[in-house]
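Hi everyone, thanks for coming. Today I'd like to walk you through one structure, so please have a look at it while I talk.

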Amino acid sequence: MAEEPSWDDIFRPAGSEPSRPVVPTPAAGPEPVSTAHPTARLSDPFAVAAAEARAAQAAPVDPNQPSSRREAREAEAQAQGGGQRGGSRGGSGRGSRGGSGRGSQPLTKKRRLGWLWALLIVFVLIGGGGVAGWVMFEPQIRHVLGWEAPIDYTTTGNGTKVTVVIQSGDIGSDVAKTLQQAGVTKTFTAFYQLLLKKPNVTFEPGSYSLQKEMSAASALAALQDPKNKIVHVAVIKEGVSAQSAFVQLAAATSLPVADFQAAAKDYVALGVPSDAPSIEGFLFPATYTFDPGVTATQVLKQLVTTMNQHLDKAGVAPADRLKVLTMASIVQRESGPSVSDMHKIARVFQNRLDQGMRLQSDATVAYGTGHTERVTTTDAERADASNPYNTYAHNGLPVGPIGLPGDAAIDSALHPTPGPWLYFVAVNLKTGETVFSTTNAEHNAAVKQWQAWCHASPENAAYCK
């Protein structure tokens, strides 16, 4: 393989001989590009240098020719030294020492001036329009002149935000590659070498907000800071309907509500029992975080899976999930903030079921009419037997849950407080104070107490709508 041309060859003045002998191209072949157009050497030095380099590489190599500039110089020095040694044997030692020392100075100075001229030409070319040449030969220039490019940035970023995604199962080399490709770190090596010094570093999958042109250390620190992880937070409150949950989830994930409605239609595939009328009741109310790019189906499946996990923990058999959640959802909607009241309300409903009485829950009627924001009903609504959730018109539990119950409501459905109560009414909707009664007369008196509270002030009246 032909030796790559030296910088002395590239930067030698026009018309001068190369620093090492080059075997001429045979007459039948094409002439060297560098000698075809003498004016090109003056107008575009880098183009001529590149052409001469290509011509030198294409030329046959003399087997006696040194393979590199270093070998050429060593051969030259050896030749000079041999001559001096021969002279010293024939003459005096003092004369040979004096002659050899002073005789080598002009050559050394010439070489140093040659390199200085090379450096000067580089700077002149760069400053005078040779940017294209610098781009073409930057690695070679840096290598020859010892200007090795740094492998790392020194700043914490240039202000340009970029999202980096770490996939589940990614190892250190994967992260290093991702950062370099995203323009965060300068090189793969910079970040990977840093990880080798920190073997205990781990990465949590997810999306992170970083900046471009960060040092490897800054990038690693940013990935370890939870504040830089991009998450969508959704807060699903206990007692709300599935439709209300869809709105909250859509707002958190920036997905359309219609996506959640469409995904919920195939609720059995999400983990809901096939005998359930819908996904209602099977979305566990809690605070959730979602990574960017999540789908509505993935979100709903996560909420259903969480609910089933809580039911399993509570000891609910899969066959009883629908029944337990239906009762728990009614308790959740009818109760106030008191957990102890939840267990007493569950006892009221269970006693009525045991005695063959209808539940007569206004919350179930309101849900069937589509008014999930209230629990009060009208006489006409309570008389409407076409409403499958109307527990004034139908015996037993409604066809399915009427909201999303939490752990306390589930526990109350499983372990109601022992007691004889058959009625209850909240007499203070602001505090949740509830009166439990055994007879209808006691209950009617409690209802009047509630009505008086509703009319006591406009503020109270707002709770009773």
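Let's begin with the largest pocket, which has a volume of about 1200 Å³. Please keep in mind that this is a predicted model. Which residues sit closest to the centre of that pocket? They are Glu-334, Asp-362, Val-375, Thr-376 and Val-425, out of 37 residues that make up the lining.

Now, where does the lining come from? Helix H14 (321-334), helix H15 (339-354), strand S6 (423-428), H19 and H20 each give at least two residues to the largest pocket. H19 supplies the largest share, with six residues.

Keep H19 in mind, please, as we turn to the cysteines. How many disulfides does the structure hold? The answer is one. For a quick reminder, a disulfide is a covalent bond between the sulfur atoms of two cysteines. Here the partners are Cys-454 and Cys-464, with an S to S distance of 1.9 Å. This pair links distant parts of the chain, 10 residues apart: Cys-454 lies in helix H19 (residues 440-455), while Cys-464 is in the segment after helix H20 (458-463).

What about the handedness of the link between Cys-454 and Cys-464? The angle about the S-S bond is -85°, and the link is left-handed. And are these two cysteines, Cys-454 and Cys-464, buried or exposed? Both Cys-454 and Cys-464 are buried.

Definitions and conventions: Residues numbered from 1 in each chain as written. Predicted model: local features only at pLDDT ≥ 70, side-chain atom pairs only at ≥ 80, totals over all residues. Heavy atoms only, no water. Disulfide = S-S within 2.5 Å. Helix = DSSP H or I, 4+ residues; strand = E, 2+ residues; numbered from the N terminus. Buried < 20%, exposed > 50% of the residue type's maximum accessible area, 1.4 Å probe, protein only. 1 Å grid on protein atoms, 1.4 Å probe; cavity = no way out; pocket = protein on both sides within 12 Å on 5 of 7 lines; lining within 4 Å. Points joined across faces, edges and corners; volume = space filled by probe spheres on them.
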